[in-house]
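Biologist: I'd like to learn how to read a model like this one. Could you walk me through it, strand by strand and helix by helix?

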Amino acid sequence: VRVLDALAAGILPYPVPPGRKYEYGTAGFRMKADAGLEHVVFTVGLIAALRSKLLKSATIGIMITASHNPPEDNGVKLVDPMGDMLQQSWEGYATTLANTQNADLAKTYEQFVNDILVSVISQNQDRPANVVIGRDTRPSGPGLVKALKAALDAVGATYQDYGYLTTPQLHYMVRCINTQKHPVPFGIPTEEGYYQKMANAFKTMMYGRKINGPVIVDCANGVGAPKLKELIKYLPTSEEGGIDIKVVNDDILKPEVLNHDCGADYVKTRQRAPPGSKAAINDRCCSLDGDADRLVYYYTDSSGFHLLDGDRIAILGAVFLKEMAEKAGLADKLKVGLVQTAYANGASTEYVKKVLDVPIEVTATGVKHLHHAAARFDIGVYFEANGHGTILFSEKATQIIRETQPRNPGQKYALDSLSASIDLINQTVGDAISDMLFTEVVLAYKSWTPENWLGIYKDLPNRLVRVTVKDRSVFRTTDAERKLESPKGIQNEINKAVASYVKGRAFARPSGTEDVLRVYAEAHYPHEAEALAAQVEEIVK
Ligand code: NG1
Ligand code: ZN
């Protein structure tokens, strides 16, 4: 009862604005920071505490960020004990509690305690709850953390506030904390532990190879900037056989410049380098997003701008890991697989099937879907075209890699590289900084310039449009969102349109993050991709 009183009092400063509805979507809750987000964050604190209690006091993570969205937005998402995203079945609890008015909150919380805890683990509500918190650099962050702590204090949860972290760093911390007593802990749950683990793995993988020239990293003026600068202190310089990283767009003191005319989302959607970029012709460049979980590469030459997106990063990773598995003599035990969404360029899919000869699985949009599919391979590579992704090594694969005894130097190099990849790549979630180091090592290993990398296949011209519709909930998809099953008949019309284009492919799906329908089309010729997109837009409107 004391808890319920504390809770009812704690929520008072954070009412739901009139008419406001919230939903735990693909990226957690996300909105304008002043649109009642404190209320949401408070309730997320309660959900985290409940989940921790249910899972035997395992530590749950809470990340406050709105990623690539504008500075005035913010958001919150939950991280499960092994560093993965909140179990899907709990998104409903989070949504219900967020939409509960202040006057009803204590009552609803009590009901959740009964439904979730008492019925499942009988009267164990007194288990301690453990939570860790991270946030990006948005000015609304501290106020939201205050609301969050008010909730955690009300229910007596124990928490650790890490302050600024990238999203993947918070996922790392959560997994480290929850595996501390395991035979092989994930790592040390400190920032230093994170940098050390990554730097050690990087050094092993470099193995006398040489990274050509600097890499210019655009940090979107976000939290990735100070974190990358910190990591650089742990890495060998290029003279020491390491890497020369030039950090740009690292201003986190002016909130309004976050993600503004820079960052991975800007580069990917505008198909151009950040205007402020001082990169010269052929310089190898990459961009992170505002919470450093997305990465895209690019360069400019006399023929213009060239993007190397998530599809390319995934293929680069698969090429390397497949080759290492073969060199280690483990090709039959370490099967590499790739996971894409419908947004992957058709040319990339064809390359993977015909040249790389690696199995592909296609899932719905949203990293949680890709992640689960990738976990079914020995080595599962997944990236969304927008640059969010990672590589997963199954437990069995990890064990084989770590226990196989090399019989010659070539095999030793391959095994060491595979083993170091397991540590360099953030296995919990897409991590732009770790993906960047991995990409750099692989390019060095292959002696590939960005131009060589781009040259392995040619992207099909494509077009992505946002279509405003009256009610996007009437659009229901099937076959990994590549077909519409309702409204009835609409897919037939799309099929007919697609059939009249060389290499035509198109689909429409309701966005999970915005109130729009997205139409994607690709074809052999740029004007035909445009025309097909326009035709499908007309069909769905
Ligand atoms: P929606 O709004 O559902 O299309 C977008 C991105 C996803 C994913 C999520 C989460 C596209 C076409 N869609 O999803 O890839 O990153 O946001 O941030 O880029
Ligand atoms: Zn992000």
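**Reading the sheets, helices and cores**

Modeller: Start with one pair: R505 stands opposite E522 in β19. This is a predicted model, where local features need pLDDT of at least 70, side-chain atom pairs count only at pLDDT 80 or more, and totals for chains, interfaces and linings use all residues. Residues are numbered from 1 along each chain as its sequence is written, while chains are lettered from A and ligands numbered from 1 in the order in which they are written.

Biologist: Which way do β18 and β19 run, and how many bridges join them?

Modeller: Strands are DSSP runs of E with at least two residues, helices are runs of H or I with at least four, and both are numbered from the N terminus. Two strands pair if DSSP finds at least two bridges between them. Here β18 (residues 505-510) and β19 (residues 517-522) run antiparallel, joined by 6 bridges. They make a hairpin, with 6 residues between them.

Biologist: Is β18 mostly covered or open?

Modeller: Count C-beta atoms, placed from the backbone, within 10 Å of a residue's own: 20 or more others is buried, 12 or fewer is exposed, and in between is partly exposed. In β18, 5 of the 6 residues are buried, so by that count the strand is mostly covered.

Biologist: Which strands form the sheet with β18, and in what order?

Modeller: Strands of a sheet pair through backbone hydrogen bonds, either parallel or antiparallel. This open sheet has 3 strands in the order β15-β19-β18, with antiparallel pairing. β15 (462-467) and β18 each have a single partner strand, so they stand at the edges, with one side of each lacking a neighbour in the sheet.

Biologist: At what angle do the axes of α2 and α4 cross?

Modeller: The axes of α2 (residues 37-54) and α4 (residues 102-121) come within 10 Å and cross at roughly 10 degrees. L46, L50, K53 and L54 are the α2 side of the meeting, and the α4 residues they meet include Y109, F112 and V113.

Biologist: Which residues touch the most other members in the largest nonpolar core?

Modeller: A nonpolar core is a set of buried Ala, Val, Leu, Ile, Met, Phe, Trp, Tyr and Cys residues joined through C-beta atoms within 7 Å. The largest has 140 residues, and I62, V131 and L148 touch the most other members. Leaving out residues up to four places away in sequence, I62 touches V44, A48, V76, L78, V131, I133 and L148. Apart from that core lies another, of 21 residues, among them A385, V519, A533 and V536.

Key:
Contact = placed C-beta atoms within 7 Å. Axes fitted to C-alpha atoms, helices over the stretch in contact; angles between N-to-C directions.
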